[in-house]
Amino acid sequence: MTDIASPTVRISARPASAKRDIGIKRRYAAERRFRFYGMAAISTGLFFLALLLWTVFSNGYTAFQQTTITLPIEFTEKVIDPKGERATDGKVLMTANYPLLVRDALVKQLGIDATKRPQVKQATDMVSASSRTLLRDMVVADPSIIGKTVPVTLLAEANIDSAFKGQIDLSVDEGKRKVKDQQVTWMNDLASAGILKKSFNTGIFTFGASSRPEAAGVGVAALGSLYMMLIVLVLSLPIGVAASIYLEEFAPKNRLTDLIEVNINNLAAVPSIVYGLLGLAVFINFAGMPRSAAVVGGFVLTLMTLPTIIIATRAALKAVPPSIRSAALGLGASKMQTIFHHVLPLAMPGILTGTIIGLAHALGETAPLLLIGMVAFVVDFPGSPMEPSTALPVQIYMWANEAERAFVERTSGAIIILLIFLVVMNLGAILLRRRFERRW
């Protein structure tokens, strides 16, 4: 009986074992496929991120170099103050024909016949028109240089700058490029003499808006962004933290608070351009605040950032273990003391992280600022948040719409500066979190 039954047991056991092995193999295969899909997704994301960064940096790193021409400028009194009126009329120094000084210096340096007007024009076109402002400021600041010859470093014109950096193909026909063969010859001669050279472009950090690429910078835009970020920080942090503490610790759980929570979550997903429309209607049309002012941009970005800070702060408060509250209350602390002396310090890393991430998000916003008029052509630095200014993302947007080829380089350079700001802010959030984080 035993010998007859045992083969039956062995026959029925083999299919069950085989099915179990097949099931295990399928699970392992599914796990391998899932890992492959995950690695493929990560690799795809990293590829496009690397492609983006490569595109930006390859086009923008040259923006941090600027071609300059150093010429001995003779500040001739015959040109600057021919009638000797500067003692009685200071406007003479402001309106003098300073480009003529540059022309004379170039003609002398290149050995050009001053009567050949086409050659003289080609030579003067190699120097940026911003040289007039530079020479004027020098004379106004120190009138004693009139009558002297002073070496002055001038900005090269945008096309000469691009050609000297190798961004223009000089092998094509002369009629198909803006840099003429004679200018190329002069450029090489001046470079060989050490008169024309590349140097670090401090102007991209200090100049304001300009229609000339070589004289354009993000200084005014960076200051405008700084004003806005200070306003956002001063307003959104205390208001957001106070609202979060009340909703999380003190507010009763009813339909009204549930409705408020739902609306806060919805506001965090509202397109930023809607906040621009709100700022235009409330702060400019209703309150009469100035257009293009950093204070209006700060208010609009505060409204946009508040939901993010509230959500992050509430999550940080929820992460504090209930035992902390129970222990504080058990030792006789009041509700207020428990929150502000025990819970809030422990939640501070998450609050700071959420705040900095919210500020970084606000720093990169463009759409709401366009609607409140921060696309103004601002040359001078704003003295206060109430004066006209612009912001880094808006400056990038404006440069991207320019027709000049050299603005492509400036646009990518400004993007690099903005990315550096964002990386620094996010690194600050990580460091603050690690600095104040406590484990329990």
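Which element gives the most to the lining of the largest pocket, and with how many residues?

Reply: Happy to. That element is α6, with 4 residues in the lining. Before going further, please keep in mind that this is a predicted model, in which local features need pLDDT of at least 70, side-chain atom pairs count only at pLDDT 80 or more, and totals for chains, interfaces and linings use all residues. Residues are numbered from 1 along each chain as its sequence is written, and side-chain values use heavy atoms, with hydrogens and water left out.

Back to the pocket. On a 1 Å grid over the protein atoms alone, a pocket is an open set of points with protein on both sides within 12 Å along at least five of seven lines, a cavity is a set where a 1.4 Å probe fits but cannot get out, and lining residues have an atom within 4 Å of a point. The largest pocket holds about 490 Å³ of space, where a volume is the space filled by probe spheres set on the points, which are joined across faces, edges and corners. It is lined by 21 residues, and Ser 130, Thr 133, Phe 207, Ala 215 and Val 379 are the closest to its centre. Both α6 (131-141) and β2 (149-155) supply at least two lining residues each; helices (H or I, at least four residues) and strands (E, at least two) are DSSP runs, numbered from the N terminus. By class, the lining comprises 9 nonpolar, 9 polar and 3 charged residues, with Ala, Val, Leu, Ile, Met, Phe, Trp, Tyr, Cys and Pro counted as nonpolar, Asp, Glu, Lys and Arg as charged, and the others, Gly among them, as polar.

The structure holds 1 cavity of 30 Å³ or more, and the largest cavity has a volume of about 40 Å³. Its lining consists of Ala 209, Ser 210, Phe 377, Gln 395, Met 398, Trp 399 and Glu 402, which divide into 4 nonpolar, 2 polar and 1 charged.

Trp 399 from that lining leads us to a helix pair, as it is one of the α17 residues that meet α18. α17 (residues 392-400) and α18 (residues 406-436) pack at about 160 degrees with axes 9 Å apart; axes are lines fitted to C-alpha atoms, for helices over the stretch in contact, and angles run from 0 to 180 degrees between N-to-C directions. This makes α17 roughly antiparallel to α18 (angles under 35 degrees count as roughly parallel, over 145 as roughly antiparallel, 65 to 115 as roughly perpendicular and the rest as oblique). In α17, Trp 399 is joined by Leu 392, Pro 393, Ile 396 and Ala 400, and their partners in α18 include Phe 407, Arg 410 and Phe 421; contact means heavy atoms within 4.5 Å. The contact has 10 nonpolar, 1 polar and 1 charged residues.

Finally, α13 (residues 294-319) packs with α12 (residues 272-286) at about 135 degrees and with α11 (residues 255-267) at about 120 degrees. α12 and α13 are therefore oblique to each other, and so are α11 and α13. In α13, Pro 307 takes part in the contact with α12 and in the one with α11.
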